[in-house]
Amino acid sequence: MKRSILSGMAMVASLSLTLMGSVAAESDDQARDDDWGYWLTHINRRFMISPHEALDWAKFKSNIGPTYGGSPGSQKWMNFISTTMQEFGAIDLFYQDMPYSRYVVNDWPDPKTHVYGSGVEVEKLVSDGTPVPVVASYGMTSGSTPQTGVTAPMLYYDPANPPTPAQIAGKILVFQTVPYPVAVPGLNPPYAYSTSTLAAYAYTDYLYESPGNWYTKYVPVPASVSSSYHSRWVWNQLGGFANIGMNKGSAPAAGMVVVYDYSPAAAFGLIQRTVYSLTGNGGPGTVYVNVPTLCLDRVNGVKVLADAQAGKTATLTLNASFQNSTSQYVIGWLPGKDYGTPQDEQILIATHTDAMSLVEEDGALGMLGIMHYMNHIPQSARPKTLIFWFDTRHFMPGAEGAWSQYDYYLENPSLLAPIKFTLAMEHMGGRSTIETGPDGNDYDYAPGGPNSGALITSFIDIFNNNLWLVDTVKHAAEANHWPRVAASDGGIAPGVNGGYMKSVNSPLNKGRSYKPNIPGIGLAGDWPGAWTQEYSQLNTEAGFDGFDEDYFVEQVAGLTQIAGAVMAKSNFSITADFGWGNIASGLTCTLPSICTSAPVTGLLPDSQFTTPGNAQAQYWERSANVWKSRAGYQNYSSGPARCAGCLHFRPPESCAIVEPSINPNGWCRYFSPIPVVYAPEYQQPYYPPAQYPAPYYPRLYYPPPYGRRPPGYY
């Protein structure tokens, strides 16, 4: 029987109290069912989808499989979405057709298509006469070979001594991904890694973070803690390899092999966007360069690397094609009380619906969950209209930016005026994965409880660093029992501890895409982990039950509460004004590594004042813009944290943020300890090639019978 992590953590001793609390809560909900304003800012569980309904939706999506725009799976998925959103009250549906060349590899739903000798292979490699037992995946849009494959000498790409274009032409070019960069103290004071490394591969400072067990900040996260970060580092190298293989100015390589630094199960079925064109753009009219690419895990790649270094010959087969397809997105409106009038105010809620796995694109289910809830509230009691955009351009070649001519609001810019807020979501309800074992070649779910990383983190993009939005996220997360959440707005200001704060990866927050910008919030559950692997649906390469329906419903409830809070805010344009965030950033950024806003000095330069000669007399106007009451200032310390040890303290009694006078032993919510140099405590182990017995199959994919996965249950 399927068992959720969250429900499984309940203690028997508290069961009776939990049941009593649930009954009391439901009774309270019933008593206030008609208090519509209250249920915008609080969650009525009677209006929510149930975990059972969420699981049924997830099963349906999982059985469809990949849903790339215009594919058979996408057509089923979009039909489900369109039908369900109308059932939940959406009106005036708008459909946008987008013709494009869709790259097709027919390996779904049978994983045996990756296994040599299965008789149904579509991807295979024979290196110096020896078949590679399992091919993990392929390079998207990389091209194809004849049915018999392409045979050519292999050429190992040594980054320290790269081959010439003439040497690359016509060869099967073999790459090996490199490990995380090493720590260099003083590289990016006070950090030992570049800002780009911290932004994508480390935990950093934040605006809000839930209690729990978090890995050391400002250090790349090893795969033994979470496969998401290391996995992202590894596959991000594929695009650069593709540019080398296309060999601009000369004949391209005959094919490519990329050996990922992944365990077999972590690599299996992993797909990422790549555009094999000399322009790098996948939009209309793109001309693709044929460099068929196969990807291997670190175990199955051992012999191939050795053979390539010796210049041996290989035969590479990738049965693929480009097909003329039509992707289609849909937008629907859940009308508010002023819908259709000049007084209407709107919230734009968006996600993408196209990709390869369940959790990668289940943001659509999250949006349907919000719609289900809000449809219980009468139109007359909905202060704002909700717009639901189910976009299908995310995994079209080049993503949304390459297909901007189909952006509904870029084509209709006047329709942006009523939109006061944007909300986005993706990667919901998933469990976290790790690489483990003595050699790092075991792939499993992360151990521990929900608060310590067993569930993927709900990363929240807050645009921009607005206190009301931060508090709204905090209250929604706590009220709906989100076990693991971190909110940030990278590139604007330091986090609450005075350190560098990264941006959230892939939040799909469309408010950032338009000019003028629109404030908003985006949830992006940590990724990729298991969630960019084609066969990772309800189950993943790490085992059964990769989707936690209880966690998913909690996330939907929190996002619904955030949307409701914005709906209920009558002066939202003032509440979420961008000006305060920019002023605060200019006043508090003291290090270029923390913030790129101008000025980086932390104080507005005298020259920026209308009367520069009077600048010093206006110290408070430029250095203290927050009243003590708003800052939560107190005249005593909070444990060891006190003003005298804060980055913003200006002796003897002033602060760069809060109005004077300041007690050196006081404290406020802006407390940021004076930064120290962070030394890495752990270096991601790099597993160099070693000889493993062949064949070595990912553990869910031993030759028939496939005993661990029930028939028909993906």
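In the predicted model, the buried residues of helix α9 are covered by elements that include β6 (172-176), α8 (227-235), β8 (255-259) and β9 (293-296). Helix α9 spans residues 238-246, and its buried residues are L238, F241, A242, G245 and M246. These residues lie on the same side of α9, because the arc they cover around the axis is only 135°. An α-helix has 3.6 residues a turn, so residues three or four places apart point the same way.

Helix α9 is followed by N247, which is located in the loop between α9 and β8. The phi of N247 is positive, near 60°, in a residue other than glycine. N247 is buried, at a relative accessible area of 5%. A positive phi is also found at Y218, which is not a glycine either; the value there is about 65°. Y218 belongs to the loop between β7 (208-209) and α8 and, with a relative accessibility of 5%, counts as buried. Most residues other than glycine have a negative phi, and most peptide bonds are trans.

Cis peptide bonds occur at two proline positions described here. The bond from P189 to P190 is cis, with omega near 5°, and P190 is placed in the loop between β6 and α7 (195-201). The bond joining K515 and P516 is cis with an omega of about -5°. P516 is part of the loop between β18 (485-488) and β19.

D526 is buried, its relative accessible area being 5%. The side chain of D526 forms a polar contact of 3.2 Å with the side chain of R232. Beyond residues up to four places away in sequence, D526 touches S226, S228, Y229, R232, I456, T457 and F459.

The side chains of Q346 and D344 are joined by a polar contact of 3.1 Å. When neighbours within four places in sequence are set aside, the contacts of Q346 are W333, T385, I387, L415, P418, I419, K420 and F421.

Helix α4 (residues 51-64) packs against helix α5 (residues 72-87) at an angle of about 155°, and the two axes are 9 Å apart. Helix α4 is therefore roughly antiparallel to α5, since angles over 145 degrees are assigned to that class. On the α4 side the contact is made by W57, F60, K61 and I64, and on the α5 side by G73, K76, W77 and F80. By class, this contact comprises five nonpolar, one polar and two charged residues.

Helix α4 also contains P51, which is partly exposed, with a relative accessible area of 30%. The C-alpha atoms of P51 and F552 are separated by 7.8 Å, although the two residues are 501 residues apart along the chain. Apart from neighbours within four places in sequence, P51 is in contact with E549, D550 and V553.

Note on methods. Residues are numbered from 1 along each chain as its sequence is written. This is a predicted model: local features need pLDDT of at least 70, side-chain atom pairs count only at pLDDT 80 or more; totals for chains, interfaces and linings use all residues. Side-chain values use heavy atoms; hydrogens and water are left out. Axes are lines fitted to C-alpha atoms, for helices over the stretch in contact, and angles run from 0 to 180 degrees between N-to-C directions. Helices (H or I, at least four residues) and strands (E, at least two) are DSSP runs, numbered from the N terminus. Angles under 35 degrees count as roughly parallel, over 145 as roughly antiparallel, 65 to 115 as roughly perpendicular and the rest as oblique. Contact means heavy atoms within 4.5 Å. Ala, Val, Leu, Ile, Met, Phe, Trp, Tyr, Cys and Pro count as nonpolar, Asp, Glu, Lys and Arg as charged, and the others, Gly among them, as polar. Buried means under 20% relative accessible area, exposed over 50%, partly exposed in between (1.4 Å probe, protein chains only). A polar contact is a pair of N or O atoms within 3.5 Å; within protein, one must be able to donate a hydrogen and the other to accept it, and residues adjacent in sequence count only if both atoms are side-chain atoms. The arc is that of the directions from the helix axis to the C-beta atoms.
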